[in-house]
Amino acid sequence: MMSYINAFWVGGLICAAAQVLIDKTKLTPGRILVAFVVIGVILGGLGIYDKLVDYAGAGATVPIVGFGNVLAKGAIKGVNEHGILGALMGGAEAAAGGISASIVFGFLIALIFNPKSK
Amino acid sequence: MKLTNQEYQEYLNKKSPDSTLLKDLLWAFVVGGLICVIGQAIFDIYKNAVGLSDDMARTAVSVTMVFIGAFLTGINVYGKLAKHAGGGTLVPITGFANAIVSPAMEFKKEGLVLGLASKMFVIAGPVLVYGITASVVVGVIYFIMSFFGGGGI
């Protein structure tokens with residue numbers, strides 16, 4: 001039960017932080033997503049974000065920041081296994097499932113459904 | 001009185017600056033939190049019922065949530081929720097799927113290649129460009145540091 005409470009409030013807070021940026025700055029949603037991913041990569045590279053994942057589970061992995069963390073950890077793992085070439089391989093490799101799913105599901109759903117007429 | 005979204009937003013801001021922000025924050029917090037709780041429930045199923053490792057279960061959760069976000073966008077539910085939830089629907093991985101499907105559907109009439117397929121990446125493209133580039137930078141820094149005392153990141 002505790003894991004659900006932690007997922008709720010940590011995930012909720014990360015989303016609320018984005019909401020502050022939406023309301024108080026001129027940042028567009030696309031820029032906010034980019035910023036959050038890069039923050040995730042930095043925190044992942046420093047080894048900090050995994051502590052949040054341990055504590056909050058999906059509250060840390062479901063927000064797009066968690067995607068950045070996966071990329072950074074993948075790049076480090078890649079370097080450990082393949083040297084400098086692994087820096088290019090590891091990130092995309094670790095995130096491959098999410099990236100391919102986004103492309104394939106995104107493509108199929110957009111193919112099947114049409115936007116609601118306004 | 002006919003107002004564009006932006007004019008309406010400005011009108012709202014003038015009327016009630018603080019209460020609007022509070023209401024937005026509450027919506028984002030609750031909806032974003034609930035989406036993460038759903039993610040946690042799916043994670044528990046993959047881990048305990050299917051028996052996947054933590055890493056594999058997390059990937060499976062991402063894949064599942066991407067599908068849910070894409071599907072809810074397709075049936076025009078996610079967009080409606082996003083009007084209220086703002087950051088609560090933007091930041092979870094379901095929002096990433098929404099950012100792919102929404103422009104892709106919108107521009108399908110311009111063709112399956114240069115319309116649908118290319119517009120999928122209006123927002124997802126920059127996210128991948130900056131995310132993957134940053135991860136390569138992290139990898140290179142880690143590689144260089146491994147020459148000075150064994151890579152202590």
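In this predicted model, helix α6(B) has 14 residues and reaches 20 Å from its first C-alpha to its last, close to the 20 Å expected at 1.5 Å a residue. Of those 14 residues, 13 are buried, so α6(B) is largely enclosed by the rest of the structure.

Chain B is divided into domain 1, residues 16-119, and domain 2, residues 122-153. The largest share of the side of domain 1 that touches domain 2 in chain B comes from α6(B), which gives 4 residues. The centres of the two domains of chain B, taken over C-alpha atoms, are separated by 26 Å. In the contact between them, 5 residues of domain 1 of chain B meet 4 residues of domain 2 of chain B. On the domain 1 side, the residues divide into 4 nonpolar and 1 charged, with no polar ones.

The contact between the chains was examined next. Here, 64 residues of chain B are in contact with 66 residues of chain A. On the side of chain B that touches chain A, two or more residues are given by each of α2 (17-50), α3 (54-74), α5 (87-90), α6 (93-106), α7 (112-119) and α8 (121-145) of chain B. The residues on this side of chain B comprise 45 nonpolar, 15 polar and 4 charged.

The largest nonpolar core has 84 residues. Those with the most contacts inside this core are A:Leu33, A:Val37, A:Ile64, A:Leu71, B:Ala28 and B:Phe96. Helix α2(B) supplies the largest share of the core, 12 residues. Both domain 1 and domain 2 of chain B give residues to this core, so it lies between them. For A:Val37, not counting residues up to four places away in sequence, the residues touched in chain A are A:Ile64, A:Phe67 and A:Gly68. Those touched by A:Val37 in chain B are B:Val127, B:Tyr130 and B:Gly131.

A further residue considered was A:Ala58, which lies in helix α4 (residues 58-61) of chain A. A:Ala58 counts as buried because it has 32 C-beta neighbours inside 10 Å, where 20 or more are required. Leaving aside neighbours within four places in sequence, A:Ala58 is in contact with A:Ala7 and A:Gly11 in chain A, and with B:Cys36, B:Gly39, B:Gln40, B:Phe43 and B:Val61 in chain B. A:Ala58 and A:Phe105 are 47 residues apart in sequence, and their C-alpha atoms are 21 Å apart in space.

Methods. Residues numbered from 1 in each chain as written. Chains lettered and ligands numbered in written order. Predicted model: local features only at pLDDT ≥ 70, side-chain atom pairs only at ≥ 80, totals over all residues. Contact = placed C-beta atoms within 7 Å. Nonpolar A, V, L, I, M, F, W, Y, C, P; charged D, E, K, R; others polar. Core = buried A, V, L, I, M, F, W, Y, C linked by C-beta atoms within 7 Å. Buried ≥ 20, exposed ≤ 12 C-beta atoms within 10 Å, placed from the backbone. Domains from an automatic or database assignment. Expected span 1.5 Å × (residues − 1).
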